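Open the model in your viewer and keep the sequence panel beside it.

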Amino acid sequence: MQEQGMACRGGAAFIWKWGAICGVVLGVIQIIISLLPLGSLKTILDLLVWLIVFFVLGLFAARQTGRVRTGALVGLVAGLIGGLIGRVLFVIIQIATNGQQITQALNQAAQSAQHQGRSLSSSALHTVAVVGIVLGLIVTVALELGLGAGIGALGGLVGRRQAPPVASTPVAGTVWTPPPSAQ
């Protein structure tokens, strides 16, 4: 019975539940940090928050299950969801709210390039910008996935040592009796 409880605590529902909760929290924190006027300190603060949360999450998950793998998987899910919320959703909102300024800046860049003798249409520049943004988001989310899995596994290494030992349960009907001595 105890072993079934351990399996449930380390199963997919456990991983997705805690990964999703922490991913949403990370995404919201990342959006808040990106709105603060901190300059280059934003990147350092953002990275520290992600590293600490992934480590603590991996530690918690491995402490519950006794497995490093659970810490890595919970960190992976948190990285995916946090990256999708904190990066992708934020970029979509920024483009939607500042679309006119972005379009004007791209048009001015195309006009400036044409004045310098380069043949660059406004639509080509828009395409390059969209492709660059999409590729940047894919790479960033992939890095957050790897960071979540790696740092979650490190937390899992520490948490596994703090996990309670699995109690062995006797199986009914397996009492061994020695054979009678042959004299």
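Select isoleucine 31. Beyond its neighbours within four places in sequence, isoleucine 31 is in contact (heavy atoms within 4.5 Å) with Ile85, Gly86 and Phe90. Isoleucine 31 belongs to helix α2; helices (H or I, at least four residues) and strands (E, at least two) are DSSP runs, numbered from the N terminus.

A word on what is on screen. This is a predicted model, in which local features need pLDDT of at least 70, side-chain atom pairs count only at pLDDT 80 or more, and totals for chains, interfaces and linings use all residues. Residues are numbered from 1 along each chain as its sequence is written, and side-chain values use heavy atoms, with hydrogens and water left out.

**Whole chain.** Zoom out. The protein chain has 6 helices and 0 strands, in the order α-α-α-α-α-α. Of its 183 residues, 27% count as buried; buried means under 20% relative accessible area, exposed over 50%, and partly exposed in between (1.4 Å probe, protein chains only). Take the contacts between residues at least 6 apart in sequence: 77% of them join residues at least 24 apart.

**Glutamine 30.** Step back to α2, residues 12-35, and select glutamine 30. Is glutamine 30 buried or exposed? Glutamine 30 counts as buried because its relative accessible area is 2%. Outside the four places on either side in sequence, glutamine 30 contacts Asp46, Trp50, Gly82, Gly86, Arg87 and Glu144.

**The largest pocket.** Show the surface here. A pocket is found on a 1 Å grid over the protein atoms alone: it is an open set of points where a 1.4 Å probe fits, with protein on both sides within 12 Å along at least five of seven lines, and lining residues have an atom within 4 Å of a point. The largest pocket has a volume of about 160 Å³. Select its lining: Thr43, Asp46, Leu47, Trp50, Arg87, Thr140, Leu143, Glu144 and Leu147. Helices α3 (41-65) and α6 (122-161) are the elements that give two or more residues to this lining. By type, the lining holds 4 nonpolar, 2 polar and 3 charged residues.

**Helix α3.** Among the buried residues of α3 are Asp46, Trp50, Phe54 and Leu57. Glycine 66 follows α3, and its phi is positive, near 80 degrees.

**Arginine 160.** Arginine 160 touches Ala62, Gly66 and Val68, not counting residues up to four places away. Arginine 160 counts as partly exposed, at 40% relative accessibility.

**Helix α4.** Select residues 68-97. The 30 residues of α4 should span 44 Å, and the end C-alpha atoms are 42 Å apart, which agrees. Stop at leucine 84, where α4 bends by about 30 degrees; the bend is the angle between axes fitted to the seven residues ending there and the seven starting there.

**Valine 88.** Stay in α4 for the last stop, valine 88. Valine 88 is partly exposed, with a relative accessible area of 23%. Valine 88 touches Gly83, Leu137 and Val141, leaving out residues up to four places away.

Notes:
Expected span 1.5 Å × (residues − 1). Points joined across faces, edges and corners; volume = space filled by probe spheres on them. Nonpolar A, V, L, I, M, F, W, Y, C, P; charged D, E, K, R; others polar.
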